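Visitor: I'd like to learn how to read side-chain contacts in a model. Could you walk me through one?

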Amino acid sequence: MAPLTIQQATKSFGEVQVLHGIDISIDDGEFVVLVGPSGCGKSTLLRLIAGLEDISTGSILIDGRDISRSHPKDRDIAMVFQSYALYPHMTVAENMGFSLRMRGATMDEQHRKVHEAAGILDLEPLLDRYPRQLSGGQRQRVAMGRAIVRDPKVFLFDEPLSNLDAKLRVQMRAEIRSLHKSLETTIVYVTHDQIEAMTMADKIVVMRGGYVEQIGSPMAVYDAPANVFVAGFIGSPAMNLLKGRIGSDRQSFDLDAGGVLQFDSVLNARPHQPVILGVRPEYVKISDGGSAAVVKLIEPTGADLHVMLDIAGTKLTAVYHERLTLEEGQEVRLAIPTDHVHLFDPENETRIVGN
C-alpha cells in the first residue's frame with residue numbers, strides 16, 4: 001500500500017498537449033476512479049503512472065518517491081488491461097505466476113502466491129485450464145490474479161470491464177470492490193462509464209480535454225457538480241440543464257424557449273438574473289399544482305419509470321420510482337423542490353455557490 005501524488009503533470013505528443021497540469025493526491029489504500037469521455041486524457045494519465053508513456057513535465061510520487069522517470073519494472077505497480085493480455089499457450093496458473101518466474105522467484109514462492117491469489121478470486125478449480133476454456137469474467141479474474149501475485153504498492157485498471165456484457169459488468173464491479181477491501185491496496189481505475197465510477201470509487205476524478213474538472217467523493221460530485229459539464233456527465237439519466245432567467249419573484253424561472261417553472265421557495269439569485277438551471281430527473285415531481293407540462297415519451301425500465309416531458313418546447317426528463325399511470329400527450333403539473341435546484345453561470349458554466 002502507498003499514497004500516490006501527481007504534481008503538475010503534463011503530456012505532449014509533438015506540438016499537441018493532451019494533459020495540462022494535472023494535480024491529484026491519492027491516499028494510501030484509496031480507490032480512485034478517473035472518469036470522463038473518450039479523449040479526455042484519463043488513459044494517458046494512467047500510462048504515465050505506469051511508465052508506459054514518458055511524462056513531459058511535472059512529477060509522480062509513489063510513497064513519497066519520485067518515479068516520474070523510473071523504468072516501469074521499478075515502480076512497484078501492477079496494471080490490469082481491458083484486453084486481458086493472457087498467454088494462450090499457458091495455463092491459468094502459469095499466466096498468474098509468469099511475472100514471478102521472470103523475477104526469479106522460487107517454485108515454492110510462485111506456487112504459494114498463485115494459490116493465495118486464486119483463493120481470493122475463486123480461481124482454484126480453474127488453475128489447470130487454458131484461457132480459451134474460460135469465460136470473459138474468468139479471464140478478467142486471471143488478469144487480476146496476475147497483478148495480485150506481484151503484491152504491488154499500486155494497482156492500475158484500464159477500463160477492465162469494457163469487453164463484458166452488462167450482467168457480468170455488474171458482477172465484476174462487486175468483485176473488484178470486494179478485492180480492494182480485502183487487499184486494502186491503492187487503486188487507480190480508468191473508465192468512461194460514470195455508473196462504474198459512482199458505484200466503485202472512494203474518490204472520483206472527472207476529466208475533460210486533458211484537464212481535471214472536479215475531484216471528490218461520488219455523492220459530493222453528484223450533489224454539488226462544479227460546472228455544467230460535470231452536472232451533465234455524472235448521473236444517469238443526465239441532469240436537466242435549462243437556460244433562462246430568474247423570475248421577478250425569485251420563485252419562478254422563465255425559460256428562454258418559453259414557459260415557466262415554479263418552485264416551492266425563493267431561489268438564491270437576483271431577479272431576472274440569467275442562469276443555467278439544473279435539476280436531476282428524480283426531483284421532477286408530478287403534483288396537483290405547479291408548472292404545466294406535456295408527457296411526450298414513457299420508458300418503463302422495470303424498477304423505474306423514465307418520462308420525457310415538454311414545457312413550451314423545452315424538454316425535461318423525469319424519473320419516478322412509483323408505477324404512475326401516465327399516457328403520452330397527457331398534461332401534468334410539475335413540482336420541483338428549490339433545495340434540489342442547481343444554478344450555473346451561463347458565461348463560464350461554473351456553479352453559482354448557494355444553490
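Guide: We'll take the annotated domain, then salt bridges, then aromatic rings.

Guide: This is a predicted model, where local features need pLDDT of at least 70, side-chain atom pairs count only at pLDDT 80 or more, and totals for chains, interfaces and linings use all residues. Residues are numbered from 1 along each chain as its sequence is written, and side-chain values use heavy atoms, with hydrogens and water left out.

Visitor: Which residues does UniProt give to the feature "domain: ABC transporter"?

Guide: UniProt positions use the numbering used here, feature names are shortened, and annotations may be inferred rather than shown by experiment. Here the unreviewed entry places that domain at residues 4-234. Its end C-alpha atoms lie 25 Å apart, and the span is 37% helix and 26% strand. Helices (H or I, at least four residues) and strands (E, at least two) are DSSP runs, numbered from the N terminus.

Visitor: How many salt bridges does a search of the whole structure find?

Guide: A salt bridge is a side-chain nitrogen of Lys or Arg within 4 Å of a carboxyl oxygen of Asp or Glu. The search finds 10. One of them joins K113 and E109 at 3.5 Å, N to O. Both residues lie in helix α3 (residues 107-121), four residues apart, about one turn of the helix. R112 and E116 make a salt bridge too, at 3.4 Å, and they are also four residues apart in helix α3.

Visitor: Now the rings. How many aromatic pairs are there?

Guide: Rings of Phe, Tyr and Trp (its six-membered ring) pair if their centres lie within 6.5 Å; planes under 30 degrees apart count as stacked, over 60 as edge-to-face and the rest as tilted. The whole structure has five such pairs. F155 and F157 have ring centres 6.3 Å apart and planes at 40 degrees, so that pair is tilted. F155 is buried at 4%, and F157 is buried at 1%.

Key: Buried < 20%, exposed > 50% of the residue type's maximum accessible area, 1.4 Å probe, protein only.
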